[in-house]
Amino acid sequence: MFKIGLTGGIASGKSTVLTYFKDKGIPYIDADIVAREVVEPGTKGLKAIVDTFGSHVLQDDGTLNREALGAIVFHNEEKRQLLNSCLKTHIRNRILELTSQYESVNTPILIYDIPLLIEGEWYTMMDEVWLVYVNEPTQKDRLMSRNGYTKEDALARINSQMRLDDKRSYADLIIDNNGTPQALTAKLDTIWSERLEPILQKPQ
Ligand SMILES: CC(C)(COP(=O)(O)OP(=O)(O)OC[C@H]1O[C@@H](n2cnc3c(N)ncnc32)[C@H](O)[C@@H]1O)[C@@H](O)C(=O)NCCC(=O)NCCS
Ligand SMILES: Nc1ncnc2c1ncn2[C@@H]1O[C@H](COP(=O)(O)OP(=O)(O)OP(=O)(O)O)[C@@H](O)[C@H]1O
């Protein structure tokens with residue numbers, strides 16, 4: 001199974017790139033979805049968060065108050081590390097479990113969308129790392145308009161991740177997404193025909 005680790009920074013365009021390949025029928029694992037699964041009510045992940053941060057990060061219905069927790073962890077490095085340690089093992093185990101399931105049915109290509117692929121050292125298990133790259137002003141503008149964040153909130157989130165420029169040296173392929181959506185699609189068409197179709201055409 002050919003494993004592609006798709007990464008970038010917050011709002012750099014990973015989901016947009018992933019959607020292109022999803023539409024081509026390529027299986028994927030989305031770490032943001034896994035990170036939501038492992039904090040559903042009744043999970044060990046949610047218990048670890050409540051034990052660490054207190055029950056005020058829960059909503060009345062017992063689900064995680066993501067906004068409240070985000071407001072804490074994206075403005076405080078130490079608290080963010082605490083959150084990471086609450087969830088790291090649960091996220092890791094679930095991603096490895098899903099990987100085995102895809103492996104067992106001879107999936108030819110699996111794409112992992114993992115925002116913290118480099119920081120979390122996931123890149124070591126990938127055959128290729130693809131970085132969706134944007135410059136910081138574009139990243140900030142897209143994040144502000146997608147999430148309605150203030151400039152300060154957008155920068156707090158961007159600064160809580162490794163700089164995109166520092167991620168470049170880990171990448172086998174850099175997908176520049178500073179241009180228009182049409183320019184991105186044209187790049188993805190080339191990647192599809194030059195890199196992925198040949199793998200799919202090989203006898204499995
Ligand atoms: C703090 C939380 C509750 C905020 O939730 P919210 O719905 O506002 O954001 P969402 O989960 O959609 O994440 C948006 C983006 O923030 C970035 N991000 C999320 N967690 C982190 C983190 N711990 N460190 C740096 N960036 C992060 C990622 O780029 C992600 O794509 C949530 O992000 C969370 O539970 N994070 C910890 C889990 C984690 O590490 N996720 C990253 C995937 S491996
Ligand atoms: N080339 C582009 N031109 C203009 N807007 C774009 C482009 N690519 C993506 N966007 C927009 O930028 C925002 C961020 O993109 P996307 O959600 O794909 O990023 P992401 O890396 O998956 O973010 P996150 O890590 O927060 O999940 C979205 O609103 C998306 O529609």
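1. Buried means under 20% relative accessible area, exposed over 50%, and partly exposed in between, with a 1.4 Å probe and protein chains only. By that cut-off, 5 of the 6 residues of strand S1 (residues 2-7) are buried, so S1 is largely enclosed by the rest of the structure. Helices (H or I, at least four residues) and strands (E, at least two) are DSSP runs, numbered from the N terminus.

2. A word on the basis. This is a predicted model, in which local features need pLDDT of at least 70, side-chain atom pairs count only at pLDDT 80 or more, and totals for chains, interfaces and linings use all residues. Residues are numbered from 1 along each chain as its sequence is written, chains are lettered from A and ligands numbered from 1 in the order in which they are written, and side-chain values use heavy atoms, with hydrogens and water left out.

3. S1 has two partners to note. Strands pair if DSSP finds at least two bridges between them. S1 and strand S3 (residues 109-113) run parallel, joined by 5 bridges. Here Lys 3 is opposite Leu 110 of S3. S1 also pairs with strand S4 (residues 128-133), again in the parallel sense, over 4 bridges. Leu 6 has Trp 130 of S4 as its bridge partner.

4. Tyr 133 belongs to strand S4. Its relative accessible area is 11%, so Tyr 133 is buried. Contact means heavy atoms within 4.5 Å. Leaving out residues up to four places away in sequence, Tyr 133 touches Leu 164, Asp 165, Arg 168, Ile 174, Ile 175, Asp 176, Asn 177 and Asn 178. Lys 14 lies 119 residues from Tyr 133 along the chain, with 9.1 Å between their C-alpha atoms.

5. Now the helices. The axes of H6 (residues 136-147) and H7 (residues 151-159) come within 9 Å and cross at roughly 120°. That makes H6 oblique to H7 (under 35 degrees is roughly parallel, over 145 roughly antiparallel, 65 to 115 roughly perpendicular, the rest oblique). Axes are lines fitted to C-alpha atoms, for helices over the stretch in contact, with angles from 0 to 180 degrees between N-to-C directions.

6. Which residues of H6 and H7 meet? Glu 136, Gln 139, Lys 140, Leu 143 and Met 144 in H6 meet Lys 151, Ala 154, Leu 155, Arg 157 and Ile 158 in H7.

7. H7 has four names to check for burial: Ala 154, Ala 156, Arg 157 and Ile 158. The cover over these buried residues includes helix H4 (66-73) and H6.
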